[in-house]
Amino acid sequence: MDALASLLNGPRAQGAFLLRSMLSAPWSMRIHDEAPLTVVAVVRGHAWIALDRGESERLTAGDVAIVRGPDHYRVSDEPDTQPQIIIHPGQRCTTPEGRDLAKEMALGVRTWGNSAEAETIMLTGTYQLAGEVSRSLLEALPNLAVIRANEVDCPVIPLLATEIVKDEAGQEAVLDRLLDLLLIAMLRSWFARSGTDAPGWYRGYRDPVIGHVLCLIYNNPEQPWTVASLAASAGVSRAALARRFSELIGEPPMAFLTAWRLSLAADLLCQPEATVGAVAEKVGYGDAFALSTAFKRVRGMSPREHRTRALRREGVGIDGSRHQRAEGNEPITPDDHRIM
C-alpha cells in the first residue's frame with residue numbers, strides 16, 4: 001500500500017455526495033459547501049471553475065477538475081454569469097436570497113439542474129469529511145488541478161455516468177468506490193505530468209532503493225523498523241539509505257516513518273470503537289503510553305483529545321452516544337479530555 005492506495009484503505013469515500021448536473025445557459029453556482037475535496041467531470045458541454053483566490057479554468061467534455069476545500073468557488077457557463085444558486089454545507093441548495101431549490105431543480109435519481117435537455121452535463125463527487133491518512137497527499141495538490149481529456153484514458157467516467165442515476169441495492173457503495181477510482185486515476189495523471197511539482201514520496205517510488213523502503217513502511221508500519229533494518233532489506237548501507245532517502249523524500253527515514261504512523265493512528269482513532277492500545281499495536285508503538293507520548297509531542301494533543309475533536313466535527317457523540325475508553329473497554333464520553 002502506498003499513499004495513493006491509502007485513499008481506498010483508510011479515509012475512503014463513505015456515503016460521498018454524488019450528483020449529475022444538467023444545465024443550460026445561463027447558469028452559475030457559488031459553492032460554499034466547504035468540503036475538503038471535490039471531483040468534477042464534464043460529460044457534455046463546458047463549464048468554468050473559478051476559485052475565490054483567483055485561479056480559473058475552462059473545462060470541456062472529458063476534462064476533470066480536483067478542487068481542494070474548504071475555500072469557496074464558482075462553477076458557471078461563462079466567467080461573467082452572476083450566481084443564481086448557492087450550495088451550502090451539507091449540500092443544501094438555495095437561491096442567493098435563501099429560497100430552497102432542492103425540489104424545484106430535481107430531475108430524477110441523483111440528477112439535478114435547470115434543463116432536461118441540457119447543454120452541459122457534469123458529474124460531481126464530494127468527499128465530505130477530511131481523512132488524516134490522505135492529508136500529505138492532498139496538501140501536495142494545488143487548490144485547483146485540471147486533468148484534460150487527452151491526458152488520461154479513464155473508463156471510470158462513462159461508468160460513473162451510467163451508475164450515478166441507478167437506484168439499486170448497494171448503489172451507494174458502488175458509487176463510493178467508483179469515485180475513489182476516478183480520483184486515484186486523476187491523481188496518477190496529475191503527478192506524472194511533466195513539470196508538475198510531485199511530492200517527494202511520489203517521486204521516490206521510481207527509485208529502486210527508496211521505492212522498496214517506502215513500500216516496507218507503508219505496508220508494515222507495525223514492524224520495529226530502524227534505519228539499519230530498512231537499509232539491510234534494501235541491500236544498501238545505513239549511510240547510503242539515509243542520504244538517498246533525505247535527498248529524494250526531503251526528510252530522514254525515521255521522521256517519515258513517524259509521520260506515517262501518526263497519520264495512520266489519527267485516522268484509526270476516529271473509529272468510535274477503537275482503543276489507543278489497539279491502535280498503538282497496529283501502527284508500531286509498544287503500548288498506549290508510547291503512542292500517546294509521540295502523538296502529543298508531534299500533534300500537540302493526546303490521542304483522546306484528537307478523537308474527541310474529530311468525532312465532534314463528524315457529528316458523532318454529540319447526542320450523548322458512548323465510545324470506548326482509550327485504555328481498555330470502559331466507556332468514554334465526548335467530553336472526557338484526560339491526558340494519557
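## Terms and model

Two strands are said to pair if DSSP finds at least two bridges between them, and the strands themselves (E, at least two residues), like the helices (H or I, at least four residues), are DSSP runs numbered from the N terminus. This is a predicted model, in which local features need pLDDT of at least 70 and side-chain atom pairs count only at pLDDT 80 or more, while totals for chains, interfaces and linings use all residues. Residues are numbered from 1 along each chain as its sequence is written, and side-chain values use heavy atoms, with hydrogens and water left out.

## Overall make-up

The protein contains 12 helices and 15 strands. Of its 340 residues, 49% are buried, where buried means under 20% relative accessible area, exposed means over 50%, and partly exposed lies in between, with a 1.4 Å probe and protein chains only.

## The seven-stranded sheet

Seven strands form an open sheet of mixed pairing, in the order S10-S11-S1-S12-S3-S6-S13. Its edge strands are S10 (106-108) and S13, each of which pairs on one side only, and the twist averages 25 degrees from one strand to the next, with axes taken as lines fitted to C-alpha atoms (for helices over the stretch in contact) and angles running from 0 to 180 degrees between N-to-C directions.

Strand S6 (residues 64-68) has four of its five residues buried. It pairs with strand S3 (residues 37-44) in the antiparallel sense over five bridges, with Val 40 opposite Ala 65 in S6, and four bridges join S6 to strand S13 (residues 144-147), again antiparallel, where Ile 66 has Ala 145 as its partner. Helix H3 (residues 156-163) lies across S1, S3, S6 and S12 and runs at about 90 degrees to S12.

## The six-stranded sheet

Another open sheet, also of mixed pairing, has six strands in the order S5-S4-S7-S2-S8-S9. Strand S5 (56-60) and strand S9 (92-94) stand at its edges with a single partner strand each, so one side of each is left without a neighbour in the sheet. The twist here averages 20 degrees from one strand to the next. Within this sheet, strand S2 (residues 28-31) and strand S8 (residues 85-88) pair in the parallel sense over three bridges, and the bridge partner of Met 29 in S8 is Ile 85.

Glu 34, in the loop between S2 and S3, has a positive phi of about 60 degrees although it is not a glycine, and its relative accessible area of 44% makes it partly exposed. Gln 91, in the loop between S8 and S9, also has a positive phi, of about 65 degrees, but Gln 91 is buried, with a relative accessible area of 16%.

How values were computed:
Contact means heavy atoms within 4.5 Å.
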